[in-house]
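Please look over the structure shown here before reading the notes that follow. They are grouped by topic for a reader who is new to it.

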Amino acid sequence: HFSLSRCLLGARGSCHPQVRLQVQNVDKPLYRGTYHCFQSIIRQESMLGLYKGIGSPMMGLTFINAIVFGVQGNAMRKLGRDTPLNQFLAGASAGAIQCVICCPMELAKTRMQMQGTGEKKSKRKMYKNSLDCLVRIYKREGIRGINRGMVTTLIRETPGFGVYFLTYDVLTRSLGCEPEDPYMIPKLLFAGGMSGIASWLSTYPVDVIKSRLQADGVGGVNQYNGIMDCIRQSLKKEGWRVFTRGLTSTLLRAFPVNATTFATVTLFLMYMREGEECSIQDSEPQSVQLQPLQQQTQPTSM
């Protein structure tokens, strides 16, 4: 049984228009929606504006993936049985532990993305790059500063990764994704894309609060005293719709990114597994090769 959703950490994380829409001032909104946000960023800040803060995820993803691979694999071994519930628990534990790197990484990305909003060439850059951003925050606010938004990141990532793994496992089992199935690739694409969407839908309101807390203070003034204060102020000013800001751009990205990555990783691991099986068979004595193979009885979901 392949539990491949652990390979997809790079598919999560906030995109640029999503952050801008989540944290924009409701009294003086810069963007009317997802399309207008894309259009405005390109017109005002050029195409490079869409890639602000890309250095932070590029620095952190290697470490995040290493943590998630190790934690998820060890958690599944400890739990013993490969069941949907265990997939959720293993994913949740991996999501919680990787927050140690994920939170500072997303803080730097958010600050970089908010820098020079609406300016094609920023007159005064507060941060040179993502690393400089974290160093400056650390000098000014210490460890607590670079871990701003840690609680909301934990609340988002722990159930988010659990749902992520659980959805993929349930869908691949129910769709019957087997190597001999001629429709296996479309099924994998669908299962992967829906896993990404389900994960974001389950935790998106928390992501809005996290982005607002991490962007708080960019202009030199802090608006929020904490999580509950941020929720109260946001609800009072904007109503419940505040928790869906930027959701369209997130879901538009989530389905194709997760669908493509799931299918690619699955097919690659299938190819590698077939190669390993062939090499083992070739190295076995002839007398062993002639013995009948036992049929597998354990159901698989890729």
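In this predicted model, Cys 102 is buried, because its relative accessible area of 3% falls under the 20% cut-off. Cys 133, with a relative accessibility of 0%, counts as buried as well.

- The number of disulfides in the structure is zero.
- Cys 102 accordingly takes part in no disulfide, and the nearest cysteine sulfur, which belongs to Cys 99, lies 5.6 Å away, whereas a disulfide would need the two sulfur atoms within 2.5 Å.

- In soluble globular proteins, nonpolar side chains tend to be buried together.
- The largest nonpolar core in this model consists of nine residues, among them Tyr 168, Leu 171, Cys 177, Met 184, Phe 262 and Met 270.
- Two or more residues of this core come from each of the elements α7 (150-175), α8 (184-215) and α10 (247-283).

**Packing of α8 and α9**
- Helix α9 (residues 227-238) packs with α8 at an angle of about 105°, and the axes of the two are 10 Å apart.
- Since angles of 65 to 115 degrees count as roughly perpendicular, α8 and α9 are therefore roughly perpendicular to each other.
- On the α8 side the contact is made by Ile 209, Arg 212 and Leu 213, and on the α9 side by Ile 227, Cys 230, Ile 231, Ser 234 and Glu 238.
- Sorted by class, the residues in this contact of α8 with α9 are five nonpolar, one polar and two charged.

Conventions. Residues are numbered from 1 along each chain as its sequence is written. This is a predicted model: local features need pLDDT of at least 70, side-chain atom pairs count only at pLDDT 80 or more; totals for chains, interfaces and linings use all residues. Side-chain values use heavy atoms; hydrogens and water are left out. A nonpolar core is a set of buried Ala, Val, Leu, Ile, Met, Phe, Trp, Tyr and Cys residues joined through side-chain atoms within 4.5 Å. Buried means under 20% relative accessible area, exposed over 50%, partly exposed in between (1.4 Å probe, protein chains only). Helices (H or I, at least four residues) and strands (E, at least two) are DSSP runs, numbered from the N terminus. Axes are lines fitted to C-alpha atoms, for helices over the stretch in contact, and angles run from 0 to 180 degrees between N-to-C directions. Angles under 35 degrees count as roughly parallel, over 145 as roughly antiparallel, 65 to 115 as roughly perpendicular and the rest as oblique. Contact means heavy atoms within 4.5 Å. Ala, Val, Leu, Ile, Met, Phe, Trp, Tyr, Cys and Pro count as nonpolar, Asp, Glu, Lys and Arg as charged, and the others, Gly among them, as polar.
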